[in-house]
Amino acid sequence: MGRATLAVAALLLAAAAARGASAAALQCAQVAQLMAPCMPYLTGAPGLTPYGICCNCLGVLNQLAAAPADRVAACTCVKAAAGGFPSVDFARAAGLPASCGLSISFTISPNMDCTQVTEEQP
């Protein structure tokens, strides 16, 4: 098993444990941990495309945010975290889910209204 596969497996186990421990909305630390592998791409590193672990983690986050409260929490966390990274390329951020083959119900942007992300995901 490669290092990236082990890292994804560890994230999946941690996420599942966090889900089982509480029915509360996603925590920002959990969202940040899952988004971390995507940061080189999101900050505009030249020539990068979303890669395996980034897309895998984004998929896990998408699955964890199945309930409306979790989608709002994840959106709020992503929006708050993005404010701390002025170098985030929001054109890349908006296209990240599609680049990873995922469909989410909102566009990632600095102005996103997290109260509007409660619809079911396709």
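Analyst: The model is predicted, so local features need pLDDT of at least 70 and side-chain atom pairs count only at pLDDT 80 or more, while totals for chains, interfaces and linings use all residues. Residues are numbered from 1 along each chain as its sequence is written, and side-chain values use heavy atoms, with hydrogens and water left out.

The lining of the largest pocket divides into 15 nonpolar residues, no polar and no charged (Ala, Val, Leu, Ile, Met, Phe, Trp, Tyr, Cys and Pro count as nonpolar, Asp, Glu, Lys and Arg as charged, and the others, Gly among them, as polar). On a 1 Å grid over the protein atoms alone, a pocket is an open set of points with protein on both sides within 12 Å along at least five of seven lines, a cavity is a set where a 1.4 Å probe fits but cannot get out, and lining residues have an atom within 4 Å of a point. The largest pocket holds about 210 Å³ of space. Of its 15 lining residues, Met35, Met39, Leu42, Val78 and Ala81 are the closest to the centre. At least two lining residues come from each of helix H2 (28-35), helix H3 (39-42), helix H5 (68-83) and helix H6 (90-99); helices are DSSP runs (H or I) of at least four residues, numbered from the N terminus.

H5 also supplies at least two residues to the lining of the largest cavity, as does helix H4 (52-64). That cavity holds about 190 Å³, and Leu58, Leu61, Asn62, Ile104 and Phe106 are the closest to its centre among 15 lining residues. Its lining divides into 12 nonpolar, two polar and one charged.

Within H5, the buried residues include Cys75, Cys77 and Val78 (buried is under 20% relative accessible area, exposed over 50%, partly exposed in between, with a 1.4 Å probe and protein chains only). Cysteine 114 lies in the segment after H6, so its link to cysteine 75 in H5 ties together parts 39 residues apart in sequence.

Conventions:
Points joined across faces, edges and corners; volume = space filled by probe spheres on them.
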